[in-house]
Amino acid sequence: MAGVSVAAEWQLQHESYYRKPEIYSMQWQVDLSRNKIACAPFGGPIAVIRDDAKIVQLLAESALRKLNIYNSAGILLSSTRWDRPGGRLIGMSWTDDQTLVCVFQDGTVYRYNIHGEIQEPNISLGSEFLEQNVVECVFWGNGMVCLTEGYQIFCISDFKNPNPCKLEDPLLEDYPLCIAVIEPQHTMSGNVEVLLGVNDYILVVDEDGIQKVGEGIGPLQKMVLTQNGKFLASFTHDGRLLSALPPEQLAWCGMHSVLLYWDEMLLVVGPFGDPVRYLYDDPIILIPECDGVRVLSNTSMEFLQLVPESTVSIFSIASTKPPALLYDALDLFDRRSAKADDNLRSIRSNLPEAVEACIDAAGHEFDVSRQRTLLRAASYGQSFCSHVQRDRFQEMCKTLRVLNAVRNYEIGVPLSIQQYKLLTAPVLIGRLINAHQHLLALRISDYIGLSPEVVIMHWACAKITASPAIHDAALLEMLLDKLKLCKGISYAAVASQADKSGRRKLAAMLVEHEPRSSKQVPLLLSIGEEDTALMKATESGDADLVYLSLFHIWQKVVLSGSRHILSSAASPPLGFFGTIQARPLARDLFITYARCYKHEFLKDFFLSTGQLQDVAAALRFAYKV
């Protein structure tokens, strides 16, 4: 049977099968044992920096340390000189938005994007760290907790709004044996809870207090929580689980089993049955995902997962289930065997189920040829079945085309189908454009029906930043060629980026193409094009925009900048009056404002324009008021 070679790669753990296909052969020359490594989930980038806590032979390397960032296939994305103050690097991790967080001994936190560019501002955990160094950090999505030499715990719950806070003093006399964190979204209080393995119990610490739980279960050497925060896996002091030597790494494989890694040995342990054993010559790093664990070594990236039920039903040895018979029927059909009809007749009542299983199994495959064969089997079965959802087949084809595109080693984002659904397509597009993979992001957006505006906007802003040597007129032509592809795109936002990059002339040319006055006028004012802004405001007929322009010009020309227009007694110069006199709407609105609030300005305006009768009328009006 065709499934024998497929199932031969699996390992049986009690009643479940596990597989560990190689996703990439790594394109780097990195020794994991000599470096600190941070791997982002959802097939994200890998940060590598030489571990200064280890004595290593530099060989041909420079003594200068560098922060290198690779994609999951080991292709270098960026390399940055590492000369940050703050003492020893204690921990680093990627946030949900793929920002690399680096925590130093003195409590300083630096953040980098995937291009190795530092993100301002830096974060300090507080003056408490001037006397108490950080000794350990535990990270989650967008936050972290850290433990100091004085056994105090500090927390940043969200790096986007970094407000460090101190948790309750755990009153420890010795360093805890292990630490784990329950994320805020999984706690009743909505605050982070820290689990400390102390003596023979667990200490739960949060902002409001401490609590002792699980007395008698320890001492615990390792703890790790599932991603939904519901289950805790731990390793006891006497090795009741497997060995007296605690594992170097402990990680959940989905919700089904726990991985334990010692030097050269990886074990998959479930609630029942003997563990599955894998041996490695090189060190590895476990990267937990929602549906499995990526296994990174010096030479490969693998994905260890529970084999899906649909795949088991098709490829398990000697399977006679309907999906397996349908898959075999395709093989028989390709060989022009009449037995193909026999297979189909035997599963006619279960054909919809068999078709669905083939489609589902195709979605879980990384091997493209196997995807095609499974989808061909599903299509073959659909030809004899009228009770299947044909949209399901087309949807899976679209999904797999997207996944295969981003899994290409040059892109290096090895998402599984479950990870893709959890991450969502818009977030994937955002990650691609942040990695400057704009063309692929644009093609995917077009293919799955998403607006290309986000992609084109990001490309335009990145193009401006990366093209200082290109003349404004030439760059404008390049930008307009792409911006016109998306109706309703904000030219003003691109112009704002040009202004921030010091290209005011380019900004002025771009803003001319912005059709919305509400965005056009404020930007023109910000880049010093007051006359044009007033003209655009009056042409729009929007009184608010006209007043915005008038007050901005008045404040810039008349005042020193330290006094607000409404409280100033300074008189506007004649040039200002001449400007508004030429624009009836601006003139009328100014007269209306001055008549109510600044009678002396109204008098000056009429005098400057030779309207003496109006001066008298203004004075009479002011007197009556």
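Predicted model: local features only at pLDDT ≥ 70, side-chain atom pairs only at ≥ 80, totals over all residues.
**Helix α6**

I began with the length of α6: its 15 residues should span 21 Å at 1.5 Å a residue, and the end C-alpha atoms are 21 Å apart, so the two agree. The expected span here is 1.5 Å times one less than the number of residues. Helices are DSSP runs of H or I with at least four residues, strands are E runs of at least two, and both are numbered from the N terminus.

Residues are numbered from 1 along each chain as its sequence is written, and side-chain values use heavy atoms, with hydrogens and water left out.

Next I asked which residues of α6 are buried. They are R370, Q371, L374, L375, A377, A378, Y380, G381 and Q382. Buried means under 20% relative accessible area, exposed means over 50%, and partly exposed is in between (1.4 Å probe, protein chains only).

**Aromatics**

I found 11 aromatic pairs in the structure. Rings of Phe, Tyr and Trp (its six-membered ring) pair if their centres lie within 6.5 Å; planes under 30 degrees apart are stacked, over 60 edge-to-face, and the rest tilted. F333 and Y380 make a tilted pair, 5.0 Å centre to centre with 35° between the planes. F333 is in helix α3 (residues 322–334) and Y380 in helix α6 (residues 368–382), so this pair ties together parts 47 residues apart in sequence. Y380 is buried at 10% relative accessible area, while F333 is partly exposed at 46%.

I also noted one aromatic cluster, formed by W82, F104, Y110 and Y112.

Then I looked for charges over rings (NZ of Lys or CZ of Arg within 6 Å of the ring centre and within 35 degrees of the ring normal). K212 lies over the face of Y201, 4.5 Å from the ring centre. K398 has its charged end over the ring of Y447, 5.4 Å from the centre.

Most residues other than glycine have a negative phi, and most peptide bonds are trans. I still found a cis peptide bond joining E120 and P121, with omega about -5°. P121 sits in the loop between β10 (108–112) and β11 (123–124).

Y151 is not a glycine, yet its phi is positive, about 65°. I placed Y151 in the loop between β13 and β14 (153–156), and it is partly exposed at 22%. L171 also has a positive phi, about 55°. Its loop runs between β15 (165–166) and β16 (178–182), and L171 is exposed at 64%.

**Cavities**

How many cavities of 30 Å³ or more are there? I got three. On a 1 Å grid over the protein atoms alone, a cavity is a set of points where a 1.4 Å probe fits but cannot get out, and lining residues have an atom within 4 Å of a point. Grid points are joined across faces, edges and corners, and a volume is the space filled by probe spheres set on the points.

The largest cavity has a volume of about 50 Å³. Its lining includes E136, C137, I153 and L196. β12 (134–140), β13 (143–148) and β17 (193–198) each supply at least two lining residues.

Methods: 1 Å grid on protein atoms, 1.4 Å probe; cavity = no way out; pocket = protein on both sides within 12 Å on 5 of 7 lines; lining within 4 Å.
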